[in-house]
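We take a couple of helix pairs, then some individual residues, and finish with the chain as a whole.

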Amino acid sequence: MLAILTDNSRDIVERGGAAVGLYAVADRDDVSSALQALYEEDGLEKKGVARAKALESMWRSLWKPYAKFFPQHLEDPNKEILRQALRGAGYFQLTRHADKIASYFDREDDLEDLREDALFAYALAMPAETTRGRVRGMLRKIDTIAHLSSSEAELVMFALDERLRLAGLDPVFAADNSEEETEEPEASAPSGKVGRNDPCPCGSGKKYKKCHGA
């Protein structure tokens with residue numbers, strides 16, 4: 001795959017796929033050099049594909065030296081680059097950028113479809129001590145900020161379990177419900193609520209936030 005990545009005569013989509021496929025060895029000098037070259041070579045004719053795929057491979061690798069590539073793209077005009085920047089900010093737990101991540105929860109423009117990416121990233125990067133006893137409180141806090149729908153709550157729970165795994169801890173939400181947590185009282189996940197981006201129950205066809213949730 002490295003040969004494909006470094007072959008400039010190949011289609012950029014094929015090279016981008018090779019870049020992502022190499023994420024598990026992205027800490028190797030030759031692969032790292034190739035990824036950074038791909039990141040730098042993006043031009044108008046490539047429409048952000050090269051940089052987006054380079055960033056995706058970087059965050060999937062979880063190799064800390066790549067963390068520096070993501071903050072400057074949290075306001076990138078290219079949506080796919082921005083999407084990968086959100087994921088990277090989450091997986092590298094760039095806590096000081098949590099407010100910027102949260103700013104994508106309720107966009108009313110063409111970036112509103114980044115809400116789920118932002119929720120996932122925020123659950124990974126929000127300022128809080130990562131322990132099995134605290135993640136339920138973190139879920140409640142995110143629900144308070146973002147007014148989660150049931151499906152969004154499931155996404156956030158998955159992200160919080162991922163945060164625990166990254167810290168070397170067992171997941172909470174995927175575990176047996178009978179397991180007792182002692183650090184913090186049990187709290188049920190948000191359920192049955194209408195999310196702000198869900199269709200309004202009145203049947204108007206509008207999003208809840210633009211109808212009865214306004």
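## Helix pairs and selected residues

Let's start with a helix pair: the axes of α4 and α5 come within 9 Å of each other and cross at roughly 15 degrees. Because that angle falls under 35 degrees, α4 and α5 are roughly parallel to each other. The crossing of α4 past α5 is left-handed. On the α4 side, the contact is made by R51, A52, L55, E56 and W59, while α5 brings in E80, I81, Q84, R87, G88 and Y91. Sorted by class, the residues of this contact are five nonpolar, two polar and four charged. Keep in mind while looking that the model is predicted.

One residue of that contact deserves a stop of its own. L55 sits in helix α4, and with a relative accessible area of 0% L55 counts as buried. What does L55 touch, not counting residues up to four places away in sequence? The list runs to Y39, F69, F70, H73, I81 and Q84. Two of those names, I81 and Q84, also turn up on the α5 side of the helix contact. There is a C-alpha distance to go with this: L55 and R83 lie 28 residues apart in sequence, and their C-alpha atoms are 9.8 Å apart in space.

Now for another pair. Helix α2 covers residues 12–21 and helix α3 covers residues 29–41; their axes come within 11 Å and cross at roughly 140 degrees. That angle makes α2 oblique to α3, because an angle has to be over 145 degrees to count as roughly antiparallel. The crossing of α2 and α3 is left-handed. From α2 the contact takes I12, R15 and A19, and from α3 it takes L35, L38 and E41. By class, that contact of α2 with α3 divides into four nonpolar and two charged residues, with no polar ones.

Next, the loops. L62 is in the loop between α4, which spans residues 49–61, and α5, which spans residues 79–91. Phi of L62 is near 60 degrees, a positive value in a residue other than glycine. Q93 belongs to the loop between α5 and α6, and its phi is near 50 degrees, again a positive value in a residue other than glycine. Are L62 and Q93 buried, exposed or something in between? L62 is partly exposed, at 36% relative accessible area, and Q93 is partly exposed as well, at 29%.

Back to the helices, with A98. This residue is in helix α6, which runs over residues 98–102, and A98 is buried at a relative accessible area of 3%. Leaving out residues up to four places away in sequence, A98 touches Y122, A125, M126 and P127.

Is E162 buried or exposed? With a relative accessible area of 18%, E162 counts as buried, because the cut-off for buried is under 20%. Setting aside neighbours within four places in sequence, E162 is in contact with Y91 and L124. Y91 has already come up among the α5 residues that meet α4.

Here are the accessibility values side by side:

| Residue | Relative accessible area | Class |
|---|---|---|
| L55 | 0% | buried |
| A98 | 3% | buried |
| E162 | 18% | buried |
| Q93 | 29% | partly exposed |
| L62 | 36% | partly exposed |

Finally, let's zoom out. How many helices and strands does the protein chain have? The secondary structure comes to nine helices and zero strands, so the pattern along the sequence reads α-α-α-α-α-α-α-α-α. Of the 214 residues in the protein chain, 46% are buried. Taking contacts between residues at least 6 apart in sequence, 58% join residues at least 24 apart.

Note on methods: Residues are numbered from 1 along each chain as its sequence is written. This is a predicted model: local features need pLDDT of at least 70, side-chain atom pairs count only at pLDDT 80 or more; totals for chains, interfaces and linings use all residues. Side-chain values use heavy atoms; hydrogens and water are left out. Helices (H or I, at least four residues) and strands (E, at least two) are DSSP runs, numbered from the N terminus. Buried means under 20% relative accessible area, exposed over 50%, partly exposed in between (1.4 Å probe, protein chains only). Contact means heavy atoms within 4.5 Å. Axes are lines fitted to C-alpha atoms, for helices over the stretch in contact, and angles run from 0 to 180 degrees between N-to-C directions. Angles under 35 degrees count as roughly parallel, over 145 as roughly antiparallel, 65 to 115 as roughly perpendicular and the rest as oblique. A crossing is left-handed if the near helix is turned anticlockwise from the far one by less than a right angle, and right-handed if clockwise. Ala, Val, Leu, Ile, Met, Phe, Trp, Tyr, Cys and Pro count as nonpolar, Asp, Glu, Lys and Arg as charged, and the others, Gly among them, as polar.
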